[in-house]
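Please look over the model below with me before reading on.

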Protein chains: 2
Amino acid sequence: MGGAWERLLPRLTEIRDLSCALALLSWDQHVMMPARGAPARARTMATIESLLHERVAAPEVGELLSELEQTPPEDEARVASVTVLRRDHERAIKVPEDLVRAIAEHQSRCFQSWTEARAASDFDLLRADLERMISLKKQEADAIGHEGERYDALLDGFEPQMTTAEVETLFGDLVRGLKPLADAILDHAPERPAFLSDHYEVDRQEAFCQWLIETAGFDVSSGRLDRSPHPFTMHIGAGDVRQTTRYDPTDLLMSIRATMHETGHALYEQGLPEDLYDLPVGRIRSLGLHESQSRMWEIQVGLSRPFADFMLPHLKDRFPAQLGNLSPDEFYAGINHPRRSMIRVISDEVTYNLHIALRFELELALFRDELEVADLRDAFGDGMERHVGIRPESDAQGVLQDMHWAIGGLGYFPTYTLGTLYAAAFYARALEDLGDVSHDLRRGDVGRLLEWLRTNIHSTGSKAPGKEIAQRVLGTGLTVDPFLEHLRTKYGELYGPLA
Amino acid sequence: MGGAWERLLPRLTEIRDLSCALALLSWDQHVMMPARGAPARARTMATIESLLHERVAAPEVGELLSELEQTPPEDEARVASVTVLRRDHERAIKVPEDLVRAIAEHQSRCFQSWTEARAASDFDLLRADLERMISLKKQEADAIGHEGERYDALLDGFEPQMTTAEVETLFGDLVRGLKPLADAILDHAPERPAFLSDHYEVDRQEAFCQWLIETAGFDVSSGRLDRSPHPFTMHIGAGDVRQTTRYDPTDLLMSIRATMHETGHALYEQGLPEDLYDLPVGRIRSLGLHESQSRMWEIQVGLSRPFADFMLPHLKDRFPAQLGNLSPDEFYAGINHPRRSMIRVISDEVTYNLHIALRFELELALFRDELEVADLRDAFGDGMERHVGIRPESDAQGVLQDMHWAIGGLGYFPTYTLGTLYAAAFYARALEDLGDVSHDLRRGDVGRLLEWLRTNIHSTGSKAPGKEIAQRVLGTGLTVDPFLEHLRTKYGELYGPLA
């Protein structure tokens with residue numbers, strides 16, 4: 001039976017290379033592709049996706065996996081790869097080919113409707129297509145299987161082995177603690193400093209961000225930073241991790257935060273050990289863990305006092321007219337200035353997770369058949385008022401602001417908050433191990449912190465589900481306390497006692 | 001039997017989409033990929049190439065083609081697609097899988113050796129790998145089959161149905177006519193004008209080239225222009241044709257010529273009718289025809305007097321210090337200034353095809369077992385002296401200057417000259433149909449010429465082999481006369497009677 005792994009290998013190679021091709025097709029679609037190339041690109045991606053699905057679902061793969069499950073390989077990474085591939089294989093064979101294709105085809109159509117609906121700020125233009133999307137995703141969830149909670153099947157696609165019940169408990173704790181804290185912080189917030197919306201030439205912002213990613217440890221000989229309307233990070237292949245960011249000439253913080261965020265994702269991908277890379281465990285499956293890395297670099301590092309002190313003189317060099325007279329205190333308070341925002345992606349770290357809590361509630365209600373798509377606009381508005389304290393004045397600023405639902409990314413939103421909670425917990429744990437790192441960060445030296453992440457998180461790949469990896473690092477289950485503590489401390493220092 | 005085409009269609013879709021994915025992987029490799037992504041990219045491309053080969057070689061494809069050959073479809077494009085796919089299928093099944101893989105793997109290795117050998121300017125560093133490459137390509141040619149002339153099998157891969165004998169005759173005629181003409185032109189050439197090697201800021205050259213491609217009719221909503229060390233054009237998919245160029249701050253002409261050249265290729269690809277695009281006939285197989293389009297836009301248009309007159313004021317706007325005082329006569333004479341160059345890719349239109357004649361001679365001798373790789377360096381030097389009248393002073397400037405042989409592109413070089421000859425013949429024919437176009441070109445209006453090319457050449461795709469398409473357009477076989485006539489007229493006007 002020693003040959004089962006060797007017989008599986010060429011199949012793993014095909015799966016890996018089809019995934020790499022798909023990753024590049026997707027990166028290019030968002031960063032480089034000319035507008036009129038879109039329809040052909042959608043067709044090409046559907047074909048490659050279908051070849052990939054065929055390979056993962058192949059009966060021979062199921063048989064080889066059974067052999068390997070009966071006589072497991074010696075190597076830990078191979079054992080874990082069998083587990084991961086088994087999971088993919090089961091999900092792939094359970095969903096009928098017709099449904100896979102129907103969802104893939106409807107994604108392009110529904111994304112197009114979303115684009116038009118958002119431009120017209122009219123949810124009615126999306127409604128019918130979104131109804132079909134929700135219906136298809138319900139069928140998919142039922143095909144994958146669940147024990148009564150349909151959302152479990154969707155969540156598991158983004159956060160393996162995490163249950164809806166666990167996430168609901170976390171969100172319950174979070175909202176209970178965060179809502180009053182956020183209100184207190186927002187009550188204490190001063191006027192928004194003018195420097196945040198001064199004019200910052202985009203080319204100079206770009207030069208700064210290119211410098212910033214290298215300072216933060218991103219290896220540009222194995223990656224790139226480009227522009228795209230929605231920042232993202234993609235692992236194209238070994239030695240090729242690409243991140244994107246975006247620039248707004250009247251918002252310096254947008255590019256810095258987005259770049260630090262994506263650098264966190266990218267460092268995770270670049271930190272995968274080479275011997276895992278070609279195996280199924282070399283692809284990161286827990287989006288919560290992935291987001292923990294991006295949030296940590298964006299917030300715990302990027303928005304910290306010592307790193308702000310480090311960045312400021314470099315920013316002054318590039319923008320002397322705008323920032324020349326700014327003190328370190330003013331800069332730090334400014335980049336951490338909170339406000340109630342209509343839009344999730346530009347919201348601050350205080351209110352961000354209230355936006356996510358709303359989305360999770362709505363998704364859950366849709367998949368529990370407690371909410372109709374027809375009522376989504378109002379439910380979104382009501383929820384914004386309840387959670388964030390403001391009501392969207394338009395569909396574009398409200399229910400249409402995110403593309404996730406239109407492209408079938410249902411069950412994805414909660415991983416953003418899981419990432420936030422993990423980030424705070426991991427960072428607290430790292431400081432326990434490393435002691436104070438503020439002296440490092442004030443010099444722009446991220447070496448010890450990055451090394452800690454490499455050792456404790458990056459190097460494990462997907463050898464275990466996210467929550468198990470986190471449990472090992474933290475020595476305990478995930479709670480909302482480190483995150484709430486982080487906010488209380490930070491804003492307590494900034495604004496004094498928060499009543 | 002009416003169902004054979006319908007059963008073939010999903011296979012054509014897979015073949016098309018795997019080709020599109022491969023095209024993007026290749027474009028990206030040369031334009032975007034970070035350095036350390038190279039090994040994984042090579043593996044991914046080999047996998048996709050092998051999936052593609054499998055699909056083209058599938059026995060079911062052979063059976064469906066036989067059905068369709070017995071009961072041909074009504075539609076002309078489908079009939080031609082059956083012919084084209086039959087040819088690909090036969091080539092694919094004749095070459096053993098092992099040999100395909102050996103060549104694919106050796107390409108990366110041999111390209112690497114070439115890179116190192118050229119950097120060290122030492123042919124000996126490439127010799128062993130090149131010997132293996134030539135040996136593998138001989139095996140491939142013998143596997144494909146030929147009637148005694150091994151080179152036929154290679155040539156046919158780039159120029160379907162053209163024989164070595166035909167090409168030898170053309171090159172014989174060409175060298176006989178061109179050698180004395182080139183000597184006469186070079187004897188009359190004045191000093192090289194200084195403006196050609198002034199300093200031209202790369203960003204401004206790029207802005208000029210972006211403007212130039214649109215002026216020449218390239219649709220930027222279905223394509224891009226980027227930078228790469230070796231300019232090329234690639235059809236990524238419907239609505240997505242990408243060209244690249246290169247910039248040298250001390251050589252304005254390099255980017256203009258390369259951009260006009262690639263624009264010729266790109267206009268050809270953008271001119272394919274939509275109804276052909278998804279079929280095998282929608283991929284252009286005759287590299288001679290392809291090169292005819294690039295050479296025509298580079299030379300017959302780009303280096304013509306009226307187009308030079310059109311470009312000059314636009315260039316003066318961008319480079320007033322360098323070109324402000326230049327007269328149209330000086331500019332035109334300057335951009336057409338010939339000289340004996342060591343390097344093919346920067347050589348002028350007068351001597352360019354003598355460089356190609358040498359390469360064709362050497363390839364032929366190698367495949368006729370009349371020349372050993374060990375003797376290639378000397379044979380190259382001797383040939384340069386005989387054809388171009390100068391001897392390379394180093395391997396880098398001589399036998400190592402082109403990458404073609406190292407990547408197995410044997411049988412490719414002659415298509416460059418076929419392209420030159422076709423370009424001159426087509427252009428003469430276009431002027432017969434359209435009358436004088438110099439008034440159009442002087443305004444930068446390429447509309448009538450492009451329309452003529454669309455109608456007579458672009459729209460046919462690969463419905464027939466290149467030489468048949470050319471025969472239909474020209475009403476006669478290809479000769480060297482229009483090209484020689486073009487040179488005689490142009491340089492006679494520039495320099496007076498050429499003795």
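Predicted model: local features only at pLDDT ≥ 70, side-chain atom pairs only at ≥ 80, totals over all residues.

1. Residues are numbered from 1 along each chain as its sequence is written, and chains are lettered from A and ligands numbered from 1 in the order in which they are written.

2. The contact between the chains takes 31 residues from chain A and 31 residues from chain B, two residues being in contact if their C-beta atoms, placed from the backbone, lie within 7 Å. On the side of chain A, two or more residues each come from helix 1 (4-31), helix 2 (38-57), strand 1 (223-227) and strand 2 (233-237), and helix 1 of chain A gives the largest share, 8 residues. Helices (H or I, at least four residues) and strands (E, at least two) are DSSP runs, numbered from the N terminus.

3. Chain A is assigned domain 1 (4-148) and domain 2 (164-495), with bounds that come from an automatic or database domain assignment. Taken over C-alpha atoms, the centres of domain 1 and domain 2 of chain A are separated by 26 Å, and their contact takes 35 residues from domain 1 of chain A and 34 residues from domain 2 of chain A. On the domain 1 side, helix 1, helix 4 (76-94), helix 5 (97-120) and helix 6 (124-144) of chain A each supply at least two residues.

4. In chain B, helix 9 (residues 202-215) packs with helix 13 (residues 305-318) at an angle of about 145 degrees, their axes being 10 Å apart. Axes are lines fitted to C-alpha atoms, for helices over the stretch in contact, and angles run from 0 to 180 degrees between N-to-C directions. Where these helices meet, B:Arg204, B:Ala207 and B:Phe208 belong to helix 9 of chain B, and B:His314, B:Leu315 and B:Arg318 to helix 13 of chain B.

5. Strand 2 of chain A is largely enclosed by the rest of the structure, because 5 of its 5 residues are buried (20 or more other C-beta atoms within 10 Å of a residue's own, all placed from the backbone). Strand 2 of chain A runs antiparallel to strand 3 (residues 240-245) of chain A, with 4 bridges joining them, and A:His235 stands opposite A:Val241 in strand 3 of chain A. These two strands form a hairpin with 2 residues between them, and A:Gly239 in the turn has a positive phi of about 75 degrees.

Notes
Buried ≥ 20, exposed ≤ 12 C-beta atoms within 10 Å, placed from the backbone. Pairing = 2+ DSSP bridges.
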